[in-house]
Structure formats: C-alpha cells, structure tokens
Amino acid sequence: MIRLGTRRSVLATVQANLVADALRAGGHEVELVPIQTTGDANKVAPVEQIGGTGIYVSALRDALLAGEIDIAVHSLKDLPTAPLDGLTIGAIPVREDPRDVLVARDGLTLGELPRGALIGTGAPRRAAQIDALGLGVECTGVRGNVDTRINLVAEGKVDAVVLARAGLARLGRLAEVTETLDPIQVLPSPGQGALAVECRSDDTDVLAALAPLEDPSTRAAVTAERQLLATLEAGCTAPVGALAEVVEGEDGPELWLRGALGQDDGVRRLSANGPVDDPVALGKRLANELLE
Ligand SMILES: NCc1[nH]cc(CCC(=O)O)c1CC(=O)O
C-alpha cells in the first residue's frame, strides 16, 4: 500500500487522484491521506507574510520524513527550489498547459479592459509583467482558491483575475477563461502546470513504482526554469517568470528557456538555448545574463 499525502483543497485532491490513478494503473494499491498546510489554514494573509516559499508543502514534507505517508503530490511551482535532505522528486509527470489565463467580466481580453480596470492577482510576477504592458490597468492583491478568485469577478469586486490555466483545466473550468495569456506578454511561474511527486530518497520500492510516471521532457524544462529561479535567489513570490520547452533543432532536440525578471524600472526578458541533458547549466546561464 502506497500512502499518498495531499492538501485538502479541491485542486490538490484532483491532482492527487491523477497520480493515484496512474499508480493504480501500474498495479499498485494507493491510499489518500489528507493533510492540512499553513497555506490552506490561512487563506487571508498575503503569502509573503505567513512564511512565503513552502507554506503549501512543509506539512506534507514533515509527514514524509516522519514516515506517515510515502509520497506527496505538489504543484511544482509551490515547491521551494532548495532540495531537502532525505527527500527527492521521484517523478515529474507530463505537464499541463503552463500558461496563465485571464478570467474577465463580459468576456473581455486584457487589451479590451478599460483604463483603470482592476485585475486581481496576488503574484508579484503577474503584476510586474502586466504593469510592464503599459495598459493603464491596476493590479490588486487577492488570495484564496480558484472558486474564491473567480467569484471576485462575478461579484464585481474586480474586473478580472489571472490564474494558471492548468488549475482550471484540472477543475474542468476552462469555459470561464476569456483569454489565454501569450508567454510573449506574461511568462508563467517556473514549474507552472507540472506536478512533483516527492518521496523519501532511500525508498527504492516507491521510486520504482513512480518511474513509469516520469516525463523526461517536462523534467528537463522545469529543471531549467527552477534553476533560473534558484540562481536569481528569488522565492516563489518574487517577480520571476520562466518557460522552457524541448524543441526540434537542426541537430536534434534542444532546450529553449525564456526568462522574465521584474526590476524597479520594468521587466527584463531574455531567452537562451542549450542541450536537453544539461538544463541546470542553461538555467544558470540565463539567470546570469538577466542579472547583467
Ligand atoms: N499558487 C497556487 C497554485 N499552485 C498551483 C496552481 C495551479 C496549478 C499549476 O500551476 O500546476 C495554483 C493556482 C494558480 O496559480 O492559479
């Protein structure tokens, strides 16, 4: 029996079930163990004020280290970049669409929102990139689950909210999307749309069970994105956007990485490419170029 720890939110439960079903299809028995995290217990305070990086994952990691569960399913973008002694990411399954989306009143797109329109987003990354478009719209901090945030639009409290497309896809709510934001305008959070299945580093049985869930292209892409973030020494709430993709080059597959860094005077954007088997070097190189 593999005990799978998950946060209690609807999205986390859906994501946990995706992994549980994949393991069951491989002939394994899986039991879901719901666990309360700081991020879920406190849905009001800004993320930065209640611990920042890791508020959604530390309780799951503690349960893993204590042997209360065998695997934890995280949204990769919520997982701190620093590795934790004794734990490893046993599998990164194929990624959902990594882009951000707009859910706006009256079916509006970003460009159709009037000047002064209020966009709800608690993420400095999203606010910095939207500000840099010079549309005259205003970003305001919001928190809470997908339902809460979409309701702010329905209640007229904001004109629009920005969310991860992957979350809406997994919740079956893509019909509410009014625009999918082009990464040319808004780069997603490093790791967005990908799941990380974490386990104990020495748990060979669980590592073997997780191996078939792994998608090597997703692993390469998100490793480059997360290395970019780690090198920029930014936490999950810092204004860093990143998106990597494996593309077919002249001499075979190569990894392309785009990065955006919010600074006082605007957003700096660069891209670079490198071999698929060294995403860490690519992430470091682009980070250093962004800092120059
Ligand atoms: N920050 C919370 C969070 N963590 C993961 C997702 C969505 C799913 C994903 O990106 O994999 C979301 C919601 C959002 O940003 O809209």
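This is a predicted model: local features need pLDDT of at least 70, side-chain atom pairs count only at pLDDT 80 or more; totals for chains, interfaces and linings use all residues.
Setting aside neighbours within four places in sequence, Leu228 is in contact with Pro190, Ala242, Leu257, Gly259, Gly283, Leu286 and Ala287. The residue belongs to helix 8, which covers residues 216-231. Is Leu228 buried or exposed? Leu228 counts as buried because 33 other C-beta atoms lie within 10 Å, where 20 or more are needed for that label. Val280 is worth a look here too: 52 residues separate it from Leu228 along the chain, yet their C-alpha atoms are 8.1 Å apart.

Next come strands 11 and 12. Strand 11 spans residues 240-249 and strand 12 spans residues 252-263. The two form a hairpin, with two residues between them.

Now let's turn to strand 10, made up of residues 195-200, of which five out of six are buried. Strand 10 pairs with strand 3 (residues 71-75), and Val73 stands opposite Val197 in strand 10. Strand 10 also pairs with strand 4 (residues 87-91), where Leu87 is found opposite Arg200.

Here are the pairings side by side, including one from the sheet described below.

| Strand pair | Sense | Bridges |
|---|---|---|
| Strand 3 and strand 10 | antiparallel | five bridges |
| Strand 4 and strand 10 | antiparallel | four bridges |
| Strand 11 and strand 12 | antiparallel | 10 bridges |
| Strand 6 and strand 7 | parallel | three bridges |

That brings us to an open sheet of five strands with mixed pairing, arranged in the order 7-6-8-5-9. Which strands stand at the edges? They are strand 7 (138-140) and strand 9 (179-180); each has a single partner strand, so one side of each lacks a neighbour in the sheet. The partner of strand 7 in the table, strand 6, consists of residues 118-120, and Gly120 stands opposite Thr140 in strand 7.

Helix 5 (residues 146-154) lies across strand 5, strand 6 and strand 8, at about 155° to strand 8.

Conventions: Residues are numbered from 1 along each chain as its sequence is written. A residue is buried if 20 or more other C-beta atoms lie within 10 Å of its own, exposed if 12 or fewer, and partly exposed in between; C-beta atoms are placed from the backbone. Two strands pair if DSSP finds at least two bridges between them. Two residues are in contact if their C-beta atoms, placed from the backbone, lie within 7 Å. Axes are lines fitted to C-alpha atoms, for helices over the stretch in contact, and angles run from 0 to 180 degrees between N-to-C directions.
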